[in-house]
Amino acid sequence: MIVGFRFPSVFHFRDALKQHCVINEFAVKYIKNDLLRVTTKCRVEKCTWRIHSSILQDGVTFKVKTFNENHTCPSINKVGNEMATSSWTRKKIVPILHTTPELGPSKLRIEIQNKYNIKLPYSRVLRARGKAMELIHGKPAESYKLIPELRQELLKANPDNVVEYQLDVDNTFMCFFVCLGACRMGFL
C-alpha cells in the first residue's frame, strides 16, 4: 500500500486492504466505505494509521490518495483475525482445494495458520470451505439439472444399460439408478 497505487475496482482495493491488515496483524475501522471511496483507520482509537482511496474519473479504477502507514499502537494480532473474514478465508482456500480437494476444515485451518500466521475459528474455515467448494463445483441443486443429459450420454455409450432417475412431486431429484447390461440378462 502506497500513495498513488491503483486498483482495478473498489472490490480489489478492499481485498488488498484486508490482506494488508491480516499480514500486518491489525484491524481497521471503516469511516467511509461505499462504491466511490473507502476511508479506514486503525481500530485502536489513538493510533494514527489511516488510508483513503477513491474512484478515478474513469468510474472504475480506485487510487490510494492518502496513507499514513505509521502505527502508534502495538501490533494487535488479537484482532487481526477479524479482518480474515469468511470471504477472505474462502479466497485463500480455493487454490488449496483445487489441488487437494479432500482437505477438511481442520487441515485447511492449519495450512492458513502456517501461511498467514493467523488463528481462525474452526466454524469460519468450515463455512469458507463450503463456499469455496460451491464456487469450484457449483451449487448441488444446479448439478441435478444435468441428470437428463447424463442419462442420455450413458445410454448413448452403452444402449444395454438401464438408466433411470426419479423426481419428487415438486420436481426435486430423489434418486438415480444405473444398471449395466447385467440387469437385462437377469443377473441382478
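Let's start with helix α1, residues 10-23. It has 14 residues, and at 1.5 Å a residue they should span 20 Å; the end C-alpha atoms are 20 Å apart, so the two agree. The expected span here is 1.5 Å times one less than the number of residues. Helices (H or I, at least four residues) and strands (E, at least two) are DSSP runs, numbered from the N terminus.

A word on the source. This is a predicted model: local features need pLDDT of at least 70, side-chain atom pairs count only at pLDDT 80 or more, and totals for chains, interfaces and linings use all residues. Residues are numbered from 1 along each chain as its sequence is written, and side-chain values use heavy atoms, with hydrogens and water left out.

Back to α1. Which of its residues are buried? They are Val10, Phe13, Arg14, Leu17, Lys18, Gln19, His20, Cys21 and Val22. Buried means under 20% relative accessible area, exposed over 50%, and partly exposed in between (1.4 Å probe, protein chains only). Just after α1, Glu25 takes a positive phi of about 60 degrees.

Now the salt bridges. The structure holds 4. Each is a side-chain nitrogen of Lys or Arg within 4 Å of a carboxyl oxygen of Asp or Glu. One of them joins Asp15 and Lys91, with the closest N and O atoms 2.7 Å apart. Asp15 sits in helix α1 and Lys91 in helix α3, so this pair ties together parts that are 76 residues apart in sequence. Asp15 is partly exposed, at 31%. Lys91 is partly exposed too, at 36%.

Another salt bridge pairs Glu45 with Lys41, at 4.0 Å from N to O. Buried or exposed? Glu45 is exposed, at 55% relative accessibility. Lys41 is buried, at 15%.

Stay with helix α3, residues 86-99. Ile96 lies in it. Ile96 is buried, with a relative accessible area of 16%. What does Ile96 touch, leaving out residues up to four places away in sequence? Leu103, Leu108 and Glu111. Contact means heavy atoms within 4.5 Å.

Last, the surface. Phe11, Leu35 and Leu36 make a nonpolar patch of about 340 Å². Patches are made of residues with over 30% relative accessible area and no salt bridge; like charges are joined within 9 Å, nonpolar side chains (Val, Leu, Ile, Met, Phe, Trp, Tyr) within 5 Å. Areas come from the Shrake-Rupley method with a 1.4 Å probe; for residues, only the protein chains shown count as cover. Leu36 lies in the loop between β2 (28-33) and β3 (37-42). At 55% relative accessibility, Leu36 counts as exposed.
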